Amino acid sequence: MTTTPSGPSSQRASSAPSSAGPPHSLHPERYDFFRVIQGYLDEASRLVTVPEHVRSILLQPKNELIVHFPVRMDSGHYRVFKGYRIQHSNILGPFKGGMRYHQDASLDDFKALAAMMTWKCSLMNLPFGGAKGGIKFDPRGVTRDELGRITRRFFHALGSNIGPDYDVPAPDVGTNAQTMAWALDTYVNTVGMVKKEAAMGVVTGKPVSSGGTFGRETATGQGVVHTICEWARRTRFKLEGKKLIVQGFGNVGSNTAAILAALGVSLVAVGDHTGYLYNPEGFNVHRLKQYVAQNGSIAGYANGQRITREEFFGVQADLFVPAALENQIGAAEAEALQVRLVAEGANGPCSPEGETVLARRGIELLPDVLANAGGVTVSYYEWVQNRRSEQWGVEEVEERLEKAMLDAYERMAQFAKTHNCSNRIACYGVALQRLVQVYLDREIFP
Ligand code: NAD
């Protein structure tokens, strides 16, 4: 049952925190996500020597694929779905990026998210390019059987536009390991590869029993936590005993909160698509995770008082991890926030206006391109294991991930210091340097 984040005041608990933001409700404004990402590239291009043709190539995706496909619903009726796969760049290696199932999905958002994957993989020194895709529909509104058929028809429609050496999808919003198991099964049964083993790497984020890797489920959250810990070490900020607020309690938000809880950081406010909850004593994150696994959302969870979206953004805490969707922190939300650090678990949660306000208020920011890169990094480990028919232990995955995150953090910090720029532009700058060098080495065919 969905309720709006800004529920009627009669539902609010009397001791809920008062909003430090403006009196009117905070609602994300529509903005052009793809243009924003292009703007970051332009900003970074002023700090790195970029040949004009390379800049022009990187400003647009290489391929934009849209498919329409029919699916038989449980009622016996047929419904036609719109699916996307945007392939931004493969100069560094196969296209790589998640598949999102969401009712508001749009071509421009997928273009932005695909480009962001190029920057992320380049920053992380991975041999992958960038892609993103998915289907425009609400996965909560269909049955499990329907979800399986929708996924299979979508991956069938994509056909050889994906592949272990060409384009490797992974989970994102509204998809998970089960989605990837259906995708793998569809691919191996329809592409007609002689060696089915060789097809295992067509998607990552699979269940461990179906060729997935240990550590992928928690990888993005773990990566967010590595960056927060590194920030804390560098700024001499003691994490133990501190407070956290998290927007989005899915894969990224819940795992980030759980790993931080083990470090003594307590989750005091949380929100998802059904609304927001506050608990000054701190939520039991594992119980909340179990509740969400059983009920599909935080709605109705007893150990927290319902607050509005406005109140959520004004909660007194130390850390904020946005882990829902893009465009959640505009200028008004950034004015309301009462934290020291924003670590972007989601892709694109902060608008440029929001970021300007955060900077003015001295609230530090760990940008998405670094902070949530743990997911694609461990996806790469899964892909390598699939190619070698190996299964690494969880310790090996976790050790490699930590080193990869800290190395990338250092590259960002060095660039930011040398060029006196924001962390976000530093990430784009580092990524751009690597991409430019490859274009200079290889030149343009023919
Ligand atoms: P998910 O589907 O598991 O969870 C999404 C969460 O966001 C849910 O709790 C949902 O209720 C909540 N949400 C949706 N709309 C909301 C709204 N309007 N207000 C508040 N909450 C809302 O998705 P996920 O995989 O955790 O992805 C979350 C974000 O992290 C996305 O931006 C995604 O691109 C990014 N990301 C995910 C991964 C990954 O490995 N899954 C990796 C990198 C980045």
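Me: In which loop is Ser389 found?
Reply: In this predicted model, Ser389 has a positive phi of about 55 degrees although it is not a glycine. Most residues other than glycine have a negative phi. As for its place in the chain, Ser389 is found in the loop between α13 (374-388) and α14.

Me: Which residues does the cis peptide bond join, and what is omega there?
Reply: Most peptide bonds are trans. A cis peptide bond joins Phe445 and Pro446, and omega is about 10 degrees.

Me: Which residue has a side-chain N or O atom 2.6 Å from an oxygen atom of the ligand?
Reply: Among the 23 residues around the ligand, those that come nearest include Thr220, Val252 and His273, together with Asp172 and Phe249. For Phe249, a backbone N or O atom lies 2.9 Å from an oxygen atom of the ligand, and for Gly345 a polar backbone atom is 3.4 Å from a ligand oxygen atom. The side-chain N or O atom at 2.6 Å from a ligand oxygen belongs to Asp172.

Me: Which elements give two or more residues to the shell around the ligand?
Reply: A backbone N or O atom of Phe249 lies 2.9 Å from an oxygen atom of the ligand, and the protein covers 87% of the 830 Å² of accessible area that the ligand has on its own. By class, the residues of the shell divide into eight nonpolar, 10 polar and five charged. The elements that give two or more residues to this shell are α6 (216-235) and α7 (251-262).

Me: Which element gives the most residues to the lining of the second largest pocket?
Reply: About 450 Å³ of space lies in the second largest pocket, and of the 22 residues that line this pocket, the closest to its centre are Glu364, Leu365, Cys421, Ser422 and Asn423. The elements that give two or more residues to the lining are α6, β12 (364-366), α14 (394-419), α15 (423-442) and α11 (352-360). By class, the lining has 13 nonpolar, five polar and four charged residues. With five residues, the element that gives the most to the lining of the second largest pocket is α11.

Me: How many residues apart are Trp119 and Tyr428, which form an aromatic pair?
Reply: The count comes to 21 aromatic pairs, and one of them is formed by Trp119 and Tyr428, with 5.6 Å centre to centre and 45 degrees between the planes, a tilted arrangement. The pair links distant parts of the chain, with Trp119 in helix α3 (residues 107-123) and Tyr428 in helix α15, and the separation is 309 residues.

Definitions and conventions:
Residues are numbered from 1 along each chain as its sequence is written. This is a predicted model: local features need pLDDT of at least 70, side-chain atom pairs count only at pLDDT 80 or more; totals for chains, interfaces and linings use all residues. Side-chain values use heavy atoms; hydrogens and water are left out. A residue is near a molecule or strand if one of its heavy atoms lies within 4 Å of it. A polar contact is a pair of N or O atoms within 3.5 Å; within protein, one must be able to donate a hydrogen and the other to accept it, and residues adjacent in sequence count only if both atoms are side-chain atoms. Accessible areas come from the Shrake-Rupley method with a 1.4 Å probe; for residues, only the protein chains shown count as cover. Helices (H or I, at least four residues) and strands (E, at least two) are DSSP runs, numbered from the N terminus. Ala, Val, Leu, Ile, Met, Phe, Trp, Tyr, Cys and Pro count as nonpolar, Asp, Glu, Lys and Arg as charged, and the others, Gly among them, as polar. On a 1 Å grid over the protein atoms alone, a cavity is a set of points where a 1.4 Å probe fits but cannot get out, and a pocket is an open set with protein on both sides within 12 Å along at least five of seven lines; lining residues have an atom within 4 Å of a point. Grid points are joined across faces, edges and corners, and a volume is the space filled by probe spheres set on the points. Rings of Phe, Tyr and Trp (its six-membered ring) pair if their centres lie within 6.5 Å; planes under 30 degrees apart count as stacked, over 60 as edge-to-face and the rest as tilted.
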